[in-house]
Each structure stands twice: as C-alpha cells, then as structure tokens.
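This report describes a predicted model for a reader who works with coordinates and cut-offs.

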Amino acid sequence: MVKERARILVVGGGYVGMYTALRLQRSLKRELKEGTAEITVVTPDPYMTYQPFLPEAAAGNISPRHVVVPLRRVLPDCRIVIGEATAVDHAARTATVATLATTEKGLPPEHLAYDELVLAPGSIARTLPVPGLADHGIGFKTVEEAIGLRNHVVEQMDIASSTRDPEIRDAALTFVFVGGGFAGVEALGELEDMARYAARYYHNVRPEDMKWILVEASDRILPEVGADLGRYTVSELRRRNIDVRLNTRLESCLNRVAVLSDGARFPTRTVVWTAGVKPHPVLAATDLPLDARGRLRCTPQLTVEGTTHAWAAGDAAAVPDVTASEPGATTAPNAQHAVRQAKVLADNITRSLRGEPLQSYSHKYAGSVASLGFHKGVAHVYGRKLKGYPAWFMHRTYHLSRIPTFNRKARVLAEWTLAGLFKREIVSLGSLEHPRAEFELAAGGKPSGGSDNPKTGPRDDPKGSS
Ligand SMILES: Cc1cc2nc3c(=O)[nH]c(=O)nc-3n(C[C@H](O)[C@H](O)[C@H](O)COP(=O)(O)OP(=O)(O)OC[C@H]3O[C@@H](n4cnc5c(N)ncnc54)[C@H](O)[C@@H]3O)c2cc1C
C-alpha cells in the first residue's frame, strides 16, 4: 500500500522508459486501479525501438513494424503522452512538455506536475564539427533512419544502373561508414551483404563495382567483443573487399566528397555517421546534477545523486559500476544494462513508495553478440568466443529471446523463416517517404521531393555539386 498518491512521470519510451513503466504497471496494479498511483510516459514516438535489430531491418530481414513495440498496447494502465520534455524543474516537481498538439498549434508547452520522476531520454549521435556532415551525414539510431538508409542504398544501385556517366556511377556505388562500434559495423555488414545479394538482379552492377569503406579513429573496431574478435572482424570485412581504415578520421564531406585524414578522397552520396553517442541535451535543461560527459550523476540505487524522488538509468545516466575493480567506473551505455537497470529502478520506486529499503544495481557485463550479415557474426559471451555461423546464430537466438512481447518474437521468427524459404526483398520504397509527390505532380504543383528518385524529384544534383 503506497503512503500517499503518487504521480510517476517517465520521460522517454525507450528501453528504460518502457521496461520501468511495464514493471511499475505490474507492481502497482492495485494502486493504479484505486487511483492512488498514476504513471505517465512522455515520449516523442508511440513505440519503443529495439535498436539491436535496426541493422537487420536495414537489410530487409525484419519489417520496420516488427522492430518496434507499441507502447499503448503494452502499457494499457499508463497514460502515454506523445511529446518531448524540454525542461525539468525538479525543485518544483514540474516538467515542461511540448506535445504534438502544442507544437502543431504553436501553443506554449504544457507543465506536468509529478511526485516521482524517471528521466530516461537516452542518447543522441555524438557528432564532430566535420564540414558537410550536418548536410550530408546519415544517422543510424532510429527505425526511420535504418529504413531510409536501406531505401537510399538500393536507390544508389538504381542510379548507378541507369547512367553511363562514370562519375555519377562511382559516387553512387561508394558507401562510407564512420565509426567502428556496434552500430557502424553491424549496419555496414548487413547492408553490404544485402547490396551484394541485390547486385545479382542488376544487369550492369556487380558486387566488385561497389566500394564499402569503414573509417575508425582508433586502432580497433568492435571493442565490445574484445581485441581478438575485433581483429577477426577486421580481417573478415577485408576478405569481403570492405576497405577498413583504422586510425583514420573523416575530415570533410563537403560537396559530397568524403576526405579522410590519411589523404584519401571518395566522391560519395552516402556517409553514415555512427561515431558514438552522447547523453540527450534535455538533461542540461534540468536542475539535476550532471557528470563531465553530461550524464545524470546517479547512485547505485538509481536515484539522482543528492536528490529525492528523481531516478535515472540507461544511456542518459552515469550509474556506478559496483562490479568494476577501478574506482569511479560507470556502466556502459548499452541495452544489457538499460534493461536490467530499468527493473531495479522500477522495484526501487515501489519500495520507496512502500517505505522499504532500496536495492543496488549490480551486473557484470556478460559480453556481446554482433551480426556481420547473413550467416556471419562474432560473439563473446561469458568468456566464450564464437565466429561465423555459430556467432550469427547466437546473435539471432539471443535477440529473439530479448525482444519484448511474445507477439514481436513470433512475428520476427515468422519473417526469418519466410526469408529462409523465399528470396530476400531487394526493392527500395524510398517514395514512401514522400507519399504526396505523385499527386502534387498530377495536380500541377511542384513535388516537395527530397529523394533521389526521378518521380519524387532529386534530393540534390547527383553530380554532387550541392
Ligand atoms: C543501431 C544500434 C544497435 C545497438 N545494438 C546493441 C546491442 O546489440 N546490444 C546492446 O546492448 N546495445 C545495443 N545498442 C545500444 C542500446 O540500444 C542503448 O544502449 C539503449 O537503447 C539505451 O536505452 P535508453 O532507454 O537509455 O535509451 P533509448 O532506448 O534510446 O530510449 C530513449 C527514449 O527517450 C525518448 N526521448 C528522447 N528525448 C526525449 C525527450 N526530450 N522527452 C521525452 N522522451 C525523449 C526517445 O525517443 C527514446 O524513446 C544499440 C544501439 C544502436 C543505435
């Protein structure tokens, strides 16, 4: 029985936000029914994204709808508000929220009062002031970006296939990925594999015509799987003719030419930026304490340091790693910690409402699995190292067991099974991103465009003079 009425505000509907709300919905079932507790989740999208499946979604192995979990369905006892928290005044127990309606009508944002705050807005891409990056770079954090990138890659193959101009063709078939972490390596591995497969259906595009380049500033890739498997991944990618450049940085991508710190220049229409993440900037618009990297300073109990009734976890939080030997270590920003922290966080809120002692978060990193394309992967789990097919199989079974809800598990499994029976999908539906273009053209208007497709109008000059 909670001591008084508790209004719990969860900012963010990702790993931490969804799992926290899910667990609270169960543990406070009676209080929610009686009206002595209420849970509000504020998030920009009505779904949680299972990010580890984004590379498979980009490769077309899983439909975009199946890598997301609809929040309203899994959280029927919570209030879902689609919008963005723009500031938090914890002293006044109020969050400022721009909802879809206030934004559309140009109205001032709403102020949501709360008793308990869970701040979990995650992270955003960590960019550098590289000339041209803001105009031409493509991120890889959301399902929209993953599907957009798939469409873009297939569209580049279509462009290359439909021209005799070697400059246009070369630039279209050159794909540069910056950042050798999970996201960059998996996205490149899956997309190269998909493009190599798709090339068999083009009369004039061969896999050897494509240049896939991975640029990494440090001397290794995939640090999450350890040095040995990192080296194996480099040689495996190079064996596939992927140009892996270690100790190299992207210096510019102005005028659609990727210029690298080793002096190489690649005219390209595709620069994918996956060079790390940084905490969400909304954290700076709160009165809560941040560490030097801009994350919320947390206690092992997942409260925000020096405060009461404020909780945090996941990519946005600096949570002490109580299992580490070096002092001051914090848990890494990954799903493995985010999911487990969410459970402890939710239980601690319930305990605190019931006047019970809090528990500490402790989890020793179990290892990582990464897919490098169909039947290819690396895995380092509980000290065991796997490569190739066994690692890829482990990647699939692990993530299938992890993706939330039985419904999603069944759908993903069905898609994989069907893909085993039938051929892979190679179509680009880039025009889905501009559904009014055809009608605008028919109605005599100017298509608002935004893609490279002639139907929807050019994104910019294919010669790269933008
Ligand atoms: C391509 C890719 C692959 C990955 N693969 C793996 C993997 O294999 N294994 C692994 O362990 N980790 C992986 N990760 C990392 C993992 O996904 C993250 O560590 C995890 O999502 C962090 O959870 P979170 O809840 O802190 O943030 P998120 O899951 O990102 O959730 C943050 C939520 O907050 C919302 N939000 C943002 N701003 C606001 C605001 N102002 N107001 C309200 N809501 C807001 C966002 O829309 C989002 O819903 C991967 C990440 C990516 C991008």
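## Helix α9

The 17 residues of α9 should span 24 Å at 1.5 Å a residue, and because the C-alpha atoms at its ends are 24 Å apart, the two values agree; the expected span of a helix is taken as 1.5 Å times one less than its number of residues. Helices (H or I, at least four residues) and strands (E, at least two) are DSSP runs, numbered from the N terminus. Of the 17 residues of α9, 15 are buried, and the helix is thus mostly covered; a residue is called buried if 20 or more other C-beta atoms lie within 10 Å of its own, exposed if 12 or fewer, and partly exposed in between, with C-beta atoms placed from the backbone.

Residues are numbered from 1 along each chain as its sequence is written. Since the model is predicted, local features need pLDDT of at least 70 and side-chain atom pairs count only at pLDDT 80 or more, whereas totals for chains, interfaces and linings use all residues.

## Overall architecture

The protein chain contains 14 helices and 24 strands. Its radius of gyration, taken over C-alpha atoms, is 23 Å, close to the 23 Å that the globule rule gives for 466 residues, so the chain is as compact as a globular protein of that length; the rule is 2.2 Å times the number of residues to the power 0.38. The C-alpha trace spans about 75 × 60 × 45 Å along its principal axes, and 44% of the 466 residues count as buried.

The domain assignment, whose bounds come from an automatic or database source, gives domain 1 (6-125 + 278-353), domain 2 (133-275 + 366-421) and domain 3 (429-466). The centres of domain 2 and domain 3, taken over C-alpha atoms, are separated by 26 Å.

## The shell around the ligand

Which residues come nearest to the ligand? Of the 33 residues around the ligand, they are Gly-12, Gly-14, Gly-122, Gly-314 and Asn-334, where a residue is near a molecule if its C-beta atom, placed from the backbone, lies within 6 Å of it. The elements that give two or more residues to this shell are α1 (15-27), β2 (37-43), β5 (79-89), α9 (182-198) and α11 (335-353).

Domain 1 and domain 2 each contribute at least three residues to the shell. By class, the shell has 18 nonpolar, 11 polar and 4 charged residues; Ala, Val, Leu, Ile, Met, Phe, Trp, Tyr, Cys and Pro count as nonpolar, Asp, Glu, Lys and Arg as charged, and the others, Gly among them, as polar.

## Loop residues

Most residues other than glycine have a negative phi. Leu-302, in the loop between β19 (296-297) and β20 (310-312), has a positive phi near 75° and counts as buried because it has 29 C-beta neighbours inside 10 Å. Tyr-382, in the loop between β23 (376-381) and β24 (384-387), has a positive phi near 45°, but this residue is exposed, with 7 other C-beta atoms within 10 Å.

Gly-181 lies in the loop between β11 (174-178) and α9 and is partly exposed, with 17 other C-beta atoms within 10 Å. Not counting residues up to four places away in sequence, Gly-181 touches Thr-274 and Gly-276, contact meaning that C-beta atoms, placed from the backbone, lie within 7 Å.

Technical notes
Two residues are in contact if their C-beta atoms, placed from the backbone, lie within 7 Å.
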